[in-house]
Amino acid sequence: MSVIQQRLKLRLCASAVSVALASMAASVSFAQETDQVVVVTAQSRSQQIQNVPIAVQTMSGAALKDLGVASLADVDAFVPGLAIDTSQSIRPQVYLRGVGTEDFGIGTDSPVGIYTDGVYTGKNGGSLLNFNDIKRVEVLKGPQGTLFGRNAAAGAISIVTNEPINRVEANALVRIGSRGEKHAEALYNTPLSDSVALRISAVSQQNDGWALNSYNGQRMGDDGDRGVRAALRWQGDESSATLSWEHEVMRQSGPPVFSVTNNKINYGGPSTWSDPLATQLNNDANPNMQGRTFDGVTLRVEKPLSFATLTSTTAYRHYNAQNWQDNDAGSNPASALSTGIVESNATWQQEFKLSGETGKINWVSGVSAYRERATSVQSVSATTTSLDTIIAHSAGLAPYATLTTLAQALGKATGSSTLQGVNLLGQSWTESIYDKGEYRAYAAYGDAIWHVSDSTNLTLGGRYTHDQKSFSWYNPARNAAGLDAQLAVLNSANFYQALVAAKLLTATQAATLKAVTTSNIQFTNPGSSKAAFTADNSWNNFSPRVVLDHHLTPDHMAYASWSKGYQAGGFDAVGVNGQYDKELVTNLEVGLKGTVRSIGLSYGASLFRYKYTNLQSLTLIPASASSGIPVYQIVNSDQEATGVDLEGQWKLNRIWRLNGSLEYLDQTYSHYVAPTGVNLDGQAAGAPLFSASAGVAAKWPVADGNADFSLMYGYQGKKRCNEDTSSTGTCSPDSVVGAGKARERIDTRLGWTAPTGRWGVGLVVNNLTNKQYVSVSTLGSAVGSPYVYVSKPRVISLELRVQL
């Protein structure tokens, strides 16, 4: 074995020891232990967290499991600066330091990238899977394009799973709780030979739902998720390979939506809204469900070379997802409105990475290729009765009621029983738009840490990316079979001609009414009504990063960084030929990290300033008297922010540990004119000024065993409203609706483990104070029935753990 190979092997062994120590440290609580090493891979290399010049917050998989945190959807409360709106499970909206997007279509991505073992998890339906045998979660704030690649302009969330190990390990966990809560996990790890190990884990999350739907007596707001993960690892003398497969199936009711108009048609606006939490749930959509089937396969191969370590990552992801829901929060036929989306997505990724250390330079370089194919069908369903409500509000005329009255009157006048039996009201009406996207991305990147001296490092990094995208739209004529049968009766009786001859209508009025009954009202582009309309575009970008860090002492480090981020442009999924340009962000940051060993305290602090150009989003313009129905419109804004991140962990003694973090964020629009025409330059962009979290964890001997206690508190300040969001009611923290008011969440656990360590019991409470919060959707304003989504109430569970 050469000297270089010996050094590489020693380095790999040291890395393995560091990772093992990190797992031990992270398993205690959200806080890392100050007397042990915590290793993260935030910079595509294993490093002690206190030596990483990035604002990064880590959470161990063990701590998340202790607190009953099932997915990223429950993490944001405890990570200041991170906000995840999961009102619709397959259409999450992720924000980091105030930057995200409201776009839910397949034409764009979120500027916050979510990765599992370094693999981009994709958009929408595939991005928020339930945690299954994870080691830790790393949240990296600010542009991470040189480290994580695609779609990390605002930051990255990295989920790291446990790999197979060369010993037998088996355990299980069961929780039974309120509202039919049933949570189960099982893990089995075994060596198959001296060089091969297998690891299989499964998780199931089920409950009966927390909201009773008065329309049909069924419960909504339930969870229904099952998943399995299997990994096979081969470890040779130097090389290794890991093949993993993940499968998940989710089936649950559609999101429950609560009326803010007390289940009545009311166009009076936010000032007339009522408390949605005091209103009975009344959803009549059919179907009304959410579902997802996900499969992912990843092959990672590592091989030492004479000068570096080569890592190859090949990954395939595929999911089918759907969301059907009520959009008027009531069962009044005059306001019937519902939507549905069915999506299919397949991605393939290949990355080759070289990493090594040459003299004073620790470096990483690589190339990657990404391909994605996505399709979606978005549907809007109403009835001719609710269409009358929409059209009458905007045009002052209810066409279907009017035509029905005229037909029956003409039938009586002419003695036609056929016309007397015509009724155009109550007929179903559905419009759909079919989207298809094909995307490719290629990148080359490099990141090098130059050890200028024993105490100073200079990091230089950059990524060149080429994106090319193709997108198509197709919006056929509406589907209204019952209505068409009634219209055929009118046409066969020369109904319109008779009305004109009788001078009840002019020829123009007759033509207009006839057109209204046969034309789309939501997806109306004539260029894609007969065949698909296709558009293509491509973007190129180079994103650099420069970081200087200096150890003031062996335990205290200061750093300064300048980085740029990029995200490719995209397409408006519901607006034919609507296109976004690329997004760009520049971020300046200075920070301190350190450890005060004498008192067991570690800390981190950073001051940042960013400017974001052309942030792309798809925004719903509420219905008005002039527009009639809400429409989605592309918006692009320039934003800027100044903020501070603080974090600390304190090991008081062998029993007690504390941790806390805080973010201050002053985010405003530097240039933005809202779709309603309001100029918001200089006004708040919505993110709260303050968000914070605090936690305590303890472990002590009791009755020959060990008791453990943990509690996490999360706080998000009230949203900062602007002239536009205040007028639409989407931001009204001080109103009776309370959209955007400050949020708090407390999760806690009290447990005991038997002396043998083979079994234990616990009490887990999520949302201890039982607080629920709302987010407003104005989609229902088309029929005078806007509504809100409501967060879940408290869940109390008893737990049994078994270690074999």
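**Close-up views of a predicted model**

**View 1. Val112 has Gly155 as its bridge partner in strand E9.** Strands (E, at least two residues) are DSSP runs, numbered from the N terminus. Strand E6 (residues 112-116) and strand E9 (residues 155-161) pair in the parallel sense over five bridges. Two strands pair if DSSP finds at least two bridges between them. This is a predicted model: local features need pLDDT of at least 70, side-chain atom pairs count only at pLDDT 80 or more, and totals for chains, interfaces and linings use all residues. Residues are numbered from 1 along each chain as its sequence is written, and side-chain values use heavy atoms, with hydrogens and water left out.

**View 2. Five strands form an open, mixed sheet.** The order is E3-E8-E9-E6-E7. Strand E3 (56-60) and strand E7 (119-120) are the edge strands. Each pairs on one side only.

**View 3. Val174 sits in strand E10 (residues 169-177).** With a relative accessible area of 39%, Val174 is partly exposed (between 20%, under which a residue is buried, and 50%, over which it is exposed; 1.4 Å probe, protein chains only). Val174 and Arg801 are 627 residues apart along the chain, yet their C-alpha atoms are separated by 6.6 Å. Beyond neighbours within four places in sequence, Val174 is in contact (heavy atoms within 4.5 Å) with His183, Ala184, Leu798, Glu799 and Leu800.

**View 4. Leu243 lies in strand E16.** Its relative accessibility is 41%, so Leu243 counts as partly exposed.

Methods: Helices (H or I, at least four residues) and strands (E, at least two) are DSSP runs, numbered from the N terminus.
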